[in-house]
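Let's read a structure together, one feature at a time. Have the viewer open as we go.

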Amino acid sequence: MPGSMEMRQEKIFYSEAAFEGIARQVLCEYDEKLYFGVPQAVPVEEIIEHRGVLLEYQYIRKDGRVLGKTIFEDGLDAVWDMEEQEYILFPVKAGTILIDASLCEDESKLGRLRFTCAHELAHWLLHKDLFDRLPEDTDVELMTEKCGLEVQANMLASSLLMPLSQIKKCYYRLFTDGIRERLEIIEKMAALFQASCQAMRIRLEKHRLV
Ligand SMILES: [Zn+2]
């Protein structure tokens, strides 16, 4: 069966509401308070492990170009050995998320680290079945780009880390407290949800809150 045909058939569209629905389900399966309680930072690493997905922190590439990678089948993956300064083959199991260890090096990268974890979890949730059925010779990078899988993973990651119900609750609470200045709202909310200011700004702008 030609790969391109398969790709066309596999092109799946999700609505914004579908991402929110998936996020709500994933969060509530871990702890309903994450969606319905007092707004707080979502413990994304714990949620990943709670779902039986393994988290591994490795230097994925020498230059830090790849921040995360989801493993869909058992095998060996090349990772950068910082001490030996060379690539080594690292045994990985299906259902592993590799996170670039550089993201754990300093506190300023926390938002990036958490978004990468959520992005990779989103690939696992949305694309596992798709990858399980891929023909051997599929160009995964090309397919990822053509089918918009990155955009989907980013959208679900945003919904997971900044659930719409929670950002609205938080926004109106700040508003009631007299905080009206755009930058202050973004900074306060980014700090609360442990997201980058950029990710929070995009999320709030999308829902016309700032
Ligand atoms: Zn991705």
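Q: Which element gives the most to the lining of the largest pocket?
A: First, a word on the source: this is a predicted model, where local features need pLDDT of at least 70, side-chain atom pairs count only at pLDDT 80 or more, and totals for chains, interfaces and linings use all residues. Residues are numbered from 1 along each chain as its sequence is written, and side-chain values use heavy atoms, with hydrogens and water left out. Helices (H or I, at least four residues) and strands (E, at least two) are DSSP runs, numbered from the N terminus. Here H5 gives the most to the lining of the largest pocket, with nine residues.

Q: How is a pocket defined, and what volume does the largest pocket have?
A: On a 1 Å grid over the protein atoms alone, a pocket is an open set of points where a 1.4 Å probe fits, with protein on both sides within 12 Å along at least five of seven lines; lining residues have an atom within 4 Å of a point. Grid points are joined across faces, edges and corners, and the volume is the space filled by probe spheres set on the points. For the largest pocket, that volume is about 1,600 Å³. It is lined by 43 residues, and Gly68, Glu120, His123, Thr144 and Glu150 are the closest to its centre. Strands S2 (68–71) and S3 (75–81) each give two or more residues to the lining, as do helices H5 (110–132), H6 (140–146), H7 (149–161) and H10 (197–206).

Q: What classes of residue make up the lining of the largest pocket?
A: Ala, Val, Leu, Ile, Met, Phe, Trp, Tyr, Cys and Pro count as nonpolar, Asp, Glu, Lys and Arg as charged, and the others, Gly among them, as polar. By that scheme the lining has 15 charged, 14 polar and 14 nonpolar residues.

Q: What does the radius of gyration say about the chain?
A: This radius is taken over C-alpha atoms, and the globule rule is 2.2 Å times the number of residues to the power 0.38. With 210 residues, a compact globule would have a radius near 17 Å; the chain has 18 Å, which agrees. The C-alpha trace spans about 55 × 45 × 25 Å along its principal axes. In all, the chain has 10 helices and five strands.

Q: Is Asp74 buried or exposed?
A: Buried means under 20% relative accessible area, exposed over 50%, and partly exposed in between (1.4 Å probe, protein chains only). Asp74, in the loop between S2 and S3, has a relative accessible area of 51%, so Asp74 is exposed. Beyond its neighbours within four places in sequence, Asp74 is in contact with Val92, Lys93 and Ala94.

Q: What is the phi of Gln85?
A: Gln85 has a positive phi of about 55°, although it is not a glycine. Gln85 sits in the loop between S3 and strand S4 (86–92) and is partly exposed at 46% relative accessible area.

Methods. Contact means heavy atoms within 4.5 Å.
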